[in-house]
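Colleague: I have a few questions about this model. Shall we look at the structure together?

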Amino acid sequence: MRRSRLKLLRVAAALVVFVGLTSAFADFRNLVPTAVGHWLAGIQFVPSLVALATGAAFSLAGVMIVAATLAVGRVYCSMVCPLGILQDVIARFSSWAHRREKKFVPFARPMTWLRQGFLWGTVAGVATGWSGLTLALLDPYSNFGRMIVGLFRPLLTLANNSVVGLANAAGLSSIYRVEAHWAGVGALIIPALMFALIAALAVWRGRLYCNTVCPVGTLLGWFAQRAAFRLEIDRGACHKCVACLNVCKSQCINLRTGTIDFSRCVACFNCIGACEHGGINYRLAWRRTAGRAAPATVGRTLPDPQRRAFLTGTATALAVSLGAGLRLSAQDPTAPEPARSGQNDGGTDPDDHTKAICPPGASSIDRFLDRCTACQLCLSACPTQVLKPALLEYGLAGLLKPRLEYSAAFCNFECRRCGEVCPDGAISLLELADKQLTQIGEAHFDRKKCIVVVKGTDCAACSEHCPTKAVHTIPYGDNLRLPEVTRDLCIGCGACEYACPVQPEKAIVVAGHRRHGRARKPVETKAAAPTPAGDFPF
Amino acid sequence: MKNRREFIQAGFALGAAFSLADLGGLFAAETSATDDASPIPAPGAGKSVLVAVRDGDRVAMLDRALASLGGIGVFVKRGQTVLIKPNIGWDAPPERGANTHPDLVAHLVKLCLGAGAKSVSIFDKTCDQWQRTYANSGIEKAAKEAGAIVINGNDPNAYREVAIPGGLELKTARVHSLVLDSDVFFNVPVLKHHSGALMTACMKNLMGVVWDRGFYHRNDLHQTIADFLTLRQPTLNILDAYHPMVRNGPRGTSVEDLVEMRSLLASKDIVAIDAAAAKMLGHQPADVRHVKLAAGMKLGTINLENVDIRRFKLA
């Protein structure tokens, strides 16, 4: 087999993205710099478009992916998309396991109706205000993230823990035990099923998922079909030896007609190297097609009429950009609105209360759910693991998106990693001082349950943990201290709820805000010395 | 082939040899009896000794206190394993006074290794996320550089269930194995206000060696704190009172919560040292209920009149 330089380039790029993103998503010790995950996620198609459409970032990655596709085909699918690369990895493993060179089935007809159905379903979802759910379910990058965070990360943690004893015995204290965080069964079902589907399809038919289910694949396929440079078969050189068919992941090479369905080709370049006769190469296609009246006469046996494809594609492009832009930016005016200063009663409005608490920087649950694609990069990056995948706490639109769960952790006051990694601005990166005043919820103290009242002994674990002293204590009974909450100082970090030792129901719980507010900044005067200075008070 | 610890030990010994004169009382105390180096009575037998030092930096104050107690060699013998338990509770930098200062911890590590300790381990069961807390407290870096082994205190496998027969409320607990197994146990907290316990000093700091702190909170916080002392008392308590947090404790909100006192206390008697600490925060010792309870359980001396207090002002 000849070496194809294009294939080497493709494999190298794919390795960088795959290893980088996998380590960012699997990083159970916060060892990978946040920039790695943030950047590699930021060049993904859907997050980039969401960021651009919402004005969260001037992210041109999505546009550049379209431009690249129009130039040379779906290079995104084989070099950048981690879900696509994962399928290649799985297929490769399967051929290793079977100790034989992978042979894919030869040419297969595209499943046009399914492809169009998933794409149009996504477009319809975005246009009707369900962008949050449809993008989350179908964005390939986010699907990849959830598989790694939900399935691989805990397994890797357990593997780490199994060697801790050995490492410590060898004097390595740099390897230590880390708690493995499994999401609930409900939140694991979707990534698990998706992984099973992807793996089965990858072993059976290479990139069938990308050419059937994935709306990004279908959309980019439409552009690829019109690419300036396309892979084409040199019919003069072709011996019909089927070497190219054996290595084609997309079953898009039709030797009978001597054509390649470039809408399904993921630009893996396997065929170029497989051909002993140099029969498959990039050719400039625009000059030829421009010279002819109708593209349909190029002589391809395209499965669906060009006209329909054209209309589909145009409408899709319009709908995606407009739908995303309109729907998402409609929420925008509320987004930067940070302050409800002076009207701290805002949080006490019961309509504003919710059990699902979204991260600081999300601004409001509505804005957050529209933008978040549930890639769960923040779940992996969160050092306290207070972020958990939601099931139905936010409603259907919040499926698998991060929410703060205070039973076993709380939001670290000095941390803003979720905002640092978020690729599409669903969690804006706040200045730390801003984050420390962002009220994502507020504590409600039930003194009837409090240990100080019930048992008549000191406790105050809640106020001990409170970073703003919204939860403080006041003298109570005989030399006791009873917690008290100053609501307008509370930011809803959950430290108090986490620390409260009352069982089974805690005496202090945080109710989330649907729209985040702003806490009052405490006035800091120098503390007075409790004893005269200069000598020992004993 | 020398490993790192041996290298640091050798380096320290060499440095100590060259600076013997400057170290003043510390090494002098080991070789000849100075005016303040007298035998240390065990708690309960005769008067407890409390050393109180003011107006120096932490390192100088620790050196002075140890010299007064007979030097580090009184506490650490060659080949012994040492545990230092600082307060590493909160994700806050040293200047916030929420944790024991790294300078103090690092210096103690060097002294122990210099005295021939086989190993010096450090851990705390942090309240904030532990890696961040270890890092931002400055203790992890300083202690490692000084040659200590810094251990993850949040590993449940490191804790062992033990009976505490002397306890009234706390009858069993899962205690960190380093506390149970180390030859020498230094308790090195920082003095702070505490919104629940009124004060956190030496006794309260020992909550950080137990897995389930919620049990303490549910079952009479002060009594359980006192109960733990019946299991094992630290070899020596060293209290960082350089700039105690006098309000908003134990976490604090800013440096405004601190008052500079430039003090350090050291004693084998954990009740006496906490009684003195209470006075530094403006309380009567008996106001801090766990101090009063521990005194009642004959775990130390609450009445400072009955304590041999050695006061030093370095400036």
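This is a predicted model: local features need pLDDT of at least 70, side-chain atom pairs count only at pLDDT 80 or more; totals for chains, interfaces and linings use all residues.

Colleague: Which residue with positive phi follows H12(B)?

Modeller: Lys298(B) follows the helix, and its phi is near 60°.

Colleague: What are the confidence figures?

Modeller: For the model, ipTM is 0.86 and pTM is 0.87. Chain B has a mean pLDDT of 90, with 86% of its residues at 70 or more.

Colleague: Where in chain B does pLDDT stay under 50?

Modeller: Over residues 14-44 of chain B; for that stretch the model has 39 contacts beyond four places in sequence.

Colleague: On to chain A. How is it divided?

Modeller: Chain A has domain 1 (5-320) and domain 2 (332-518). Between them, 37 residues of domain 1 of chain A are in contact with 30 residues of domain 2 of chain A.

Colleague: Which helix supplies the largest share of the side of domain 1 of chain A that touches domain 2 of chain A?

Modeller: H9(A), with six residues. By class, that side of domain 1 of chain A has 18 nonpolar, 15 polar and four charged residues.

Colleague: And what does the secondary structure of chain A come to?

Modeller: Chain A has 22 helices and eleven strands. Of its 538 residues, 49% count as buried.

Colleague: In what order do the three strands of the open sheet in chain A stand?

Modeller: The order is S5-S11-S8 in chain A, with antiparallel pairing. Strands S5 (353-354) and S8 (438-445) of chain A stand at the edges with a single partner strand each, so one side of each is left without a neighbour in the sheet.

Colleague: How many bridges join S5(A) and S11 of chain A?

Modeller: Two bridges join S5(A) to strand S11 (residues 508-518) of chain A. Thr354(A) has Gly512(A) as its bridge partner in S11(A).

Conventions:
Residues are numbered from 1 along each chain as its sequence is written. Chains are lettered from A and ligands numbered from 1 in the order in which they are written. Two strands pair if DSSP finds at least two bridges between them. Helices (H or I, at least four residues) and strands (E, at least two) are DSSP runs, numbered from the N terminus. A residue is buried if 20 or more other C-beta atoms lie within 10 Å of its own, exposed if 12 or fewer, and partly exposed in between; C-beta atoms are placed from the backbone. pLDDT is the predictor's confidence in each residue, from 0 to 100. Two residues are in contact if their C-beta atoms, placed from the backbone, lie within 7 Å. Domain bounds come from an automatic or database domain assignment. Ala, Val, Leu, Ile, Met, Phe, Trp, Tyr, Cys and Pro count as nonpolar, Asp, Glu, Lys and Arg as charged, and the others, Gly among them, as polar.
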